[in-house]
Amino acid sequence: MGYPLNVPTTDTQKLRADSARVRAQMLAAARERLHGGDADLPMNAIAKAAGVGVGTAYRHFPNRQVLLEALAVQSFAALVQDARSGAADPDPAAGLRRLLRAGLLLLHDDPALAVVLATPGSACAETAELGAELFGALDDLLARARAAGLIRPEVTADDLRRLVCGVQHAMRIGDDDATDRYLDILLAGLRTP
């Protein structure tokens with residue numbers, strides 16, 4: 001699928017070798033800062049750490065959101081695959097639990113994905129496509145769970161996105177591994193009263 005030239009992209013297939021190398025250096029520098037707790041990702045500091053000029057950095061990543069989406073694209077694709085697997089599970093309760101747990105772990109391990117999912121829109125075409133696939137699989141899974149009487153009828157895919165982002169934040173600020181406990185609390189709240 002082709003994208004207009006003015007739409008930012010996470011796709012590196014068409015980059016020249018030197019451009020792909022520079023982009024990889026910038027992503028590595030940004031990832032290191034992000035995992036070090038610097039969620040601001042100042043482009044000047046990333047360019048300096050990558051050994052490139054700030055103009056080069058902005059040519060690859062016109063803004064912070066594009067940079068975050070490039071950092072998160074692999075984890076986002078893994079989350080979409082988990083959503084497809086959850087939607088295909090014959091037991092919608094097991095599929096939902098497995099998907100939510102996998103999502104929480106992915107968001108915990110990848111701070112860029114956490115920020116990208118917490119943002120309602122997308123800056124890059126590929127991220128928008130991944131979001132549409134994620135929401136499609138979630139809608140399918142939720143429809144099956146509703147039909148089985150497992151969850152409240154008003155729960156939407158966007159509700160799940162927001163709730164998982166909130167639970168992930170609670171996990172991040174805690175000092176113990178509370179993934180399963182928080183997941184149990186979340187699922188109890190989603191159940192039909």
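**View 1. L67 and its contacts in the predicted model.** Beyond its neighbours within four places in sequence, L67 is in contact (heavy atoms within 4.5 Å) with L27, A30, L41, M43, I46 and F61. This is a predicted model, in which local features need pLDDT of at least 70, side-chain atom pairs count only at pLDDT 80 or more, and totals for chains, interfaces and linings use all residues. Residues are numbered from 1 along each chain as its sequence is written, and side-chain values use heavy atoms, with hydrogens and water left out.

**View 2. The largest nonpolar core.** Here, a nonpolar core is a set of buried Ala, Val, Leu, Ile, Met, Phe, Trp, Tyr and Cys residues joined through side-chain atoms within 4.5 Å; buried means under 20% relative accessible area, exposed over 50%, and partly exposed in between (1.4 Å probe, protein chains only). Of its 56 residues, L67 and L100 touch the most other members. Elements giving two or more residues to this core include α1 (17–35), α5 (92–109) and α7 (125–147). Helices are DSSP runs (H or I, at least four residues), numbered from the N terminus. The largest share, 11 residues, comes from α4.

**View 3. Helix α6 under cover.** In α6, 6 of the 8 residues are buried, namely P111, A112, L113, A114, V116 and L117. Their cover includes α1, α4, α5, α7 and α8.

**View 4. R161 in helix α8.** R161 sits in α8 (residues 157–173) and counts as buried because its relative accessibility is 13%. Leaving aside neighbours within four places in sequence, R161 is in contact with L117, A118, T119, P120 and F135.
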